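Thanks for passing this one along.

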Amino acid sequence: MKPRRSVLSVPGHVEKMHLKAGQSNADVVMLDLEDSVPLDQKEIARSQVIRSLRTNDWKEKVVTVRINGLDTPYGYRDLLSVLEDAGNRVDAVVVPKVNTAGDIHFVDRMMTGIEMAGMLSRPIAIEASIETAQGLQNVREIAAASERTISLVFGIADYSASVGARLVSISGHGEKEAEIYPGHRWHFALSRIIMTAKANGLMVIDAPYGNFKDPDGLARSAAMACAIGCNGKWAIHPGQVEEINRVFTPSLEDIQLAVKVLDAIADASSHGRGAVAVEGRMVDQATARLAGQLYEQAKYLKLL
Ligand code: COA
Ligand code: MG
């Protein structure tokens, strides 16, 4: 699995940004059909995203599409049209405002149907955005709902609205933190998402830092997310990509630990055991999946 240190969100209806994003150093380009697209541009954005997927030269870049919520008139149509018409260039679908495991089951079965109809040559992954109180309450079932799911994404602006918290910008952590609430305002939500994701072998992607003209705030926000276990962070502007990549590049120690975990699990499996201790900590199949991801990412980034 390729790294997802930086995920550059690009409004679906703005064609010139698609080209620019493709040339950026972002690990992932996410073509957005949801909240960066005004209501009267939804159909135009869908057609533009399909055209860009089919005609732009994306090279080796990971490209994802964020569909509209499944509780809107656009979400099901986004999923169907984008995957039928351009699914072979989509690596993953980002599902916003996931409230229950049922939302993920719906997307999974639609994908399976489109595959069975012969319109997709490879499996498409799911990234589930947790950004409502209900989504956070059900995160355990959501994380385990489909084999296709590869990551949970924290959506901070909608989560703030959902729980009635005061919003600073679309990023809730890093900016004016100390003035609003002592400590890390989103510690519980983010930690719960991280713990649940990691128990299921999934990655976690942090919300974007909205103030794109504040590099110090971005650095702080990314460092906090990385320190508590996120694997990457959304960017809303190309100028944020380098710093995010820097913060989330695996360290030599992380890589060495991943190798140890993989060796220990391989050795345990050959003795009929699933869990084993490494440096005093339990590691099991979920840990091994994460270590495997980190190893593959380090290889991809030529750090090995
Ligand atoms: N992806 C690709 N290119 C982008 C970009 C993005 N997200 N954001 C800006 N750019 C491009 C601009 O088109 C401009 O290109 P140019 O120099 O060729 O004209 C260049 O980067 C500089 O942009 P700038 O003038 O600094 O920003 P702006 O005022 O045009 O736009 C935003 C600011 C925030 C409106 C814009 O960055 C944006 O739309 N971001 C995405 C928002 C989003 O996806 N939200 C949903 C997820 S939370
Ligand atoms: Mg949102």
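1. A definition to begin with: buried means under 20% relative accessible area, exposed means over 50%, and partly exposed lies in between (1.4 Å probe, protein chains only). By that scale Gln48 counts as buried, because its relative accessibility is 7%. Gln48 is found in helix α2 (residues 42–55); helices here are DSSP runs of H or I with at least four residues, strands are runs of E with at least two, and both are numbered from the N terminus. Leaving out residues up to four places away in sequence, Gln48 touches Gly12, Glu15 and His18, where contact means heavy atoms within 4.5 Å.

2. Some housekeeping before going further. This is a predicted model, in which local features need pLDDT of at least 70 and side-chain atom pairs count only at pLDDT 80 or more, while totals for chains, interfaces and linings use all residues. Residues are numbered from 1 along each chain as its sequence is written, chains are lettered from A and ligands numbered from 1 in the order in which they are written, and side-chain values use heavy atoms, with hydrogens and water left out.

3. Next, the nonpolar cores, each a set of buried Ala, Val, Leu, Ile, Met, Phe, Trp, Tyr and Cys residues joined through side-chain atoms within 4.5 Å. Which residues touch the most other members of the largest nonpolar core? They are Leu31, Leu53 and Val93, in a core of 62 residues. With residues up to four places away in sequence not counted, Val93 touches Val65, Ile67, Leu79, Leu83, Met111, Ile124, Ala125, Ile126 and Glu127. Another core lies apart from the largest one; it has 10 residues, among them Ala264, Ile265, Ala268 and Ala288.

4. For the conventions, axes are lines fitted to C-alpha atoms, for helices over the stretch in contact, and angles run from 0 to 180 degrees between N-to-C directions; angles under 35 degrees count as roughly parallel, over 145 as roughly antiparallel, 65 to 115 as roughly perpendicular and the rest as oblique. Tyr76, Leu79, Leu80, Leu83 and Glu84 of α3 meet Phe106, Val107, Met110, Met111 and Ile114 of α4. This contact of α3 with α4 comprises 9 nonpolar residues, no polar ones and 1 charged, with Ala, Val, Leu, Ile, Met, Phe, Trp, Tyr, Cys and Pro taken as nonpolar, Asp, Glu, Lys and Arg as charged, and the others, Gly among them, as polar.

5. Helix α10 (residues 215–227) and helix α11 (residues 241–248) also pack at an angle of about 30 degrees, and their axes are 10 Å apart. The two are therefore roughly parallel to each other, and α10 passes α11 in a right-handed crossing. From α10, Leu218, Ala219, Ala222, Ala223, Ala225 and Cys226 meet Glu243, Ile244, Val247 and Phe248 in α11. Those residues divide into 9 nonpolar, no polar and 1 charged.

6. Do look at Cys230 as well, in the loop between α10 and β8 (232–235). At 6% relative accessibility, Cys230 counts as buried. Cys230 touches Leu190, Ile194, Val204, Asp206, Ala225 and Phe248, residues up to four places away in sequence not being counted.

7. What is the angle between helix α12 (residues 252–270) and helix α13 (residues 285–300)? It is about 130 degrees, with the axes 9 Å apart, so α12 and α13 are oblique to each other. Here α12 passes α13 in a left-handed crossing. The contact of α12 with α13 has 11 nonpolar residues, 3 polar and 1 charged.

8. Finally, two backbone angles to check. Most residues other than glycine have a negative phi. Lys59 has a positive phi, near 50 degrees, and lies in the loop between α2 and β3 (62–66). Glu279, in the loop between β9 (276–278) and β10 (281–283), has a positive phi of about 50 degrees. Lys59 is exposed, with a relative accessible area of 63%, and Glu279 counts as exposed at 54%.

Conventions: Left-handed = near helix turned anticlockwise from the far one by under 90°.
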